[in-house]
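Please read them with the structure open.

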Amino acid sequence: FTVIGDRVLFNAMSTETRRRETIFFDTVLRYNDDYSGHVRYANRHRGNRTRTIEGGDILVLSGDTLAIG
């Protein structure tokens with residue numbers, strides 16, 4: 001997952017272990033009283049499993065610029 005501004009973007013991960021991290025975080029955001037109803041999602045799907053985006057692939061360079069690699 002990635003937080004961009006006020007939204008959460010869920011990404012496909014390349015390994016089974018990393019996919020579980022995304023499922024765990026989604027569960028916390030949906031059902032924990034501190035987050036439930038307060039999170040804006042950029043997407044609600046887990047993405048295309050053949051294309052992945054993981055930590056470091058999206059960098060916030062400034063308030064209006066992202067680097068995606």
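1. A salt bridge here is a side-chain nitrogen of Lys or Arg within 4 Å of a carboxyl oxygen of Asp or Glu. The model is predicted, so local features need pLDDT of at least 70 and side-chain atom pairs count only at pLDDT 80 or more, while totals for chains, interfaces and linings use all residues. Residues are numbered from 1 along each chain as its sequence is written, and side-chain values use heavy atoms, with hydrogens and water left out.

2. A search of the whole structure finds four salt bridges. One of them joins the side chains of D6 and R7, at 3.9 Å from N to O. Both residues are partly exposed (between the cut-offs for buried, under 20% relative accessible area, and exposed, over 50%, with a 1.4 Å probe and protein chains only), D6 having a relative accessible area of 48% and R7 one of 31%.

3. D6 also meets R40 in a salt bridge, with 2.6 Å from N to O. Because R40 lies in strand 3 (residues 40–41) and D6 in the loop between strand 1 (2–4) and strand 2 (7–9), the pair ties together parts that are 34 residues apart in sequence; strands are DSSP runs of E, at least two residues, and helices runs of H or I, at least four, numbered from the N terminus. R40 is partly exposed at 40% relative accessibility, and D6, R7 and R40 are linked in a network of salt bridges.

4. In another salt bridge, the closest N and O atoms of E21 and R18 are 2.9 Å apart. E21 and R18 are three residues apart in helix 1 (residues 16–31), which means that about one helical turn separates them. E21 is partly exposed at 39% relative accessibility, as is R18 with a relative accessible area of 26%.
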